[in-house]
Amino acid sequence: AVGVAAAGAACAATSLYWNLHFRGTSWLIGSFDLGPSLYGMSSAPSTPAAGKGKKGKKKKKGGSSGNLNGMDTREPSTASTGPSAGGGPAVYETKRAVNEYLQFHFGDPNDVLPYRDGPHDALRFTQRCADLCAKHTKSVKTSRTEPAGLALDIGCAVGGATFELAKHFAIVEGLDSSRAFITAARLMKERGSLRYTCFREGEVTRKLTGAVNDRVDRARVSFREGDACGLPRSLLGGGGSGPDFDAFGRYDAVLAANLLCRLPDPAAFLAQCARLLRPGGALVLVSPYSWLEAWTPKDRWLGGYYESASDDGGSAEESRSASPSPNAPYRRSFDAIEAALTSAEGGFDLVEQSDVPFLIKEHDRKFQWGVSHCTVWRRRRVQNA
């Protein structure tokens, strides 16, 4: 009886804390259940919710307040929110996206893929991405006892890779433009686990629990709302010396997993990377290059378009909309990334490339299996070399 009373008091105290910290976020407070009846709507709102408040109210400074004002309360649809979905950024403010990504990042592998036959090597995507960062970071290799160094997870979603990075790094920051994702990530940090709703078939759902690995010290992790194409000034510079003080960053490792093809201006993001990493730091980019105009205007795609028109003297815009001729050359995303990062201004050298599979479950018998291209880059120790 004493144990039950103590547990009830602890839950009440935590609920009060989040009610004060995320004032107005009634769909998350109390039960911490991200099921259909509590978490907003499933279809995307007409405009992205991140960074926008109700009319007539000023947005608070200093990141997300956790509010998802204006969200509908309709039941979830069966539309997918994975990498090939064409809903645009507003999709990531929906309950379906939060539930799906909680399962993607924290779901028990036996729940995600309960079949003997299947792509089991595509499970634990966030862990594998974090391990790649650790593999290529000197501070991790030289520290034999405690995690060391500073890491940044850009496009962290609900925080799976951010927590995994905390196994290897002393301090880890996660950043995402989705207020709903950041709210869920902060709740996961506070509680260590969250219930989510997944589809079985049709409209039938069940509730499961996703949890942070017990080996992770959640106190090492923090989350903030922000734009990857216009990173907060506090994240940039401060890692060099003398005249190069702001040319280098403070991070030992930066991860951007399945992010590039979901940005409105991926080239703008790449242009900032040099100012994130300290000399010798590791930048890990993981992307399936699933370019869609709902996310990225076609004139800002890094690749995935034919070049036939520009070869004949036409404009770059014409080349992106031209009908391909047989065996027409096309622009590869990797070529654009390599050109940007290995330039004098880019400041990086390529270390390695690999294929990283991932699996997103839509319902019990339908999955999205993808293979992202992983490239690892080392920050040059001399600026403009």
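Student: In what sense do β11 and β12 pair, and over how many bridges?

Tutor: Keep in mind that this is a predicted model. β12 covers residues 366-379. Its pairing with β11 is antiparallel, and the bridge count comes to 14.

Student: Which residue in β12 does Gln353 stand opposite?

Tutor: β11 runs over 348-363, and its partner in the antiparallel pairing is β12. Look across from Gln353 into β12 and you land on Thr375.

Student: Zooming out, which strands are the edge strands of the sheet?

Tutor: The sheet is open and has seven strands with mixed pairing, in the order β6-β3-β2-β7-β8-β12-β11. From one strand to the next, the twist averages 20°. An edge strand here pairs on one side only, and that picks out β6 (221-225) and β11 (348-363).

Student: At about what angle does helix α11 run to β12?

Tutor: Helix α11 is made of residues 333-342. It lies across β8 (277-287), β11 and β12. Relative to β12, the angle is about 25°.

Student: Now the backbone: where is Arg124 found, the residue with a positive phi although it is not a glycine?

Tutor: Its phi is about 55°. As for the location, Arg124 sits in the loop between α3 (109-112) and α4 (125-135).

Student: And Asn258, is that one buried or exposed?

Tutor: Asn258 also has a positive phi, near 50°, and is in the loop between β7 (251-257) and α8 (266-272). Buried means under 20% relative accessible area. Asn258 has 18% relative accessibility, so it counts as buried.

Methods: Residues are numbered from 1 along each chain as its sequence is written. This is a predicted model: local features need pLDDT of at least 70, side-chain atom pairs count only at pLDDT 80 or more; totals for chains, interfaces and linings use all residues. Side-chain values use heavy atoms; hydrogens and water are left out. Helices (H or I, at least four residues) and strands (E, at least two) are DSSP runs, numbered from the N terminus. Buried means under 20% relative accessible area, exposed over 50%, partly exposed in between (1.4 Å probe, protein chains only). Two strands pair if DSSP finds at least two bridges between them. Axes are lines fitted to C-alpha atoms, for helices over the stretch in contact, and angles run from 0 to 180 degrees between N-to-C directions. Contact means heavy atoms within 4.5 Å.
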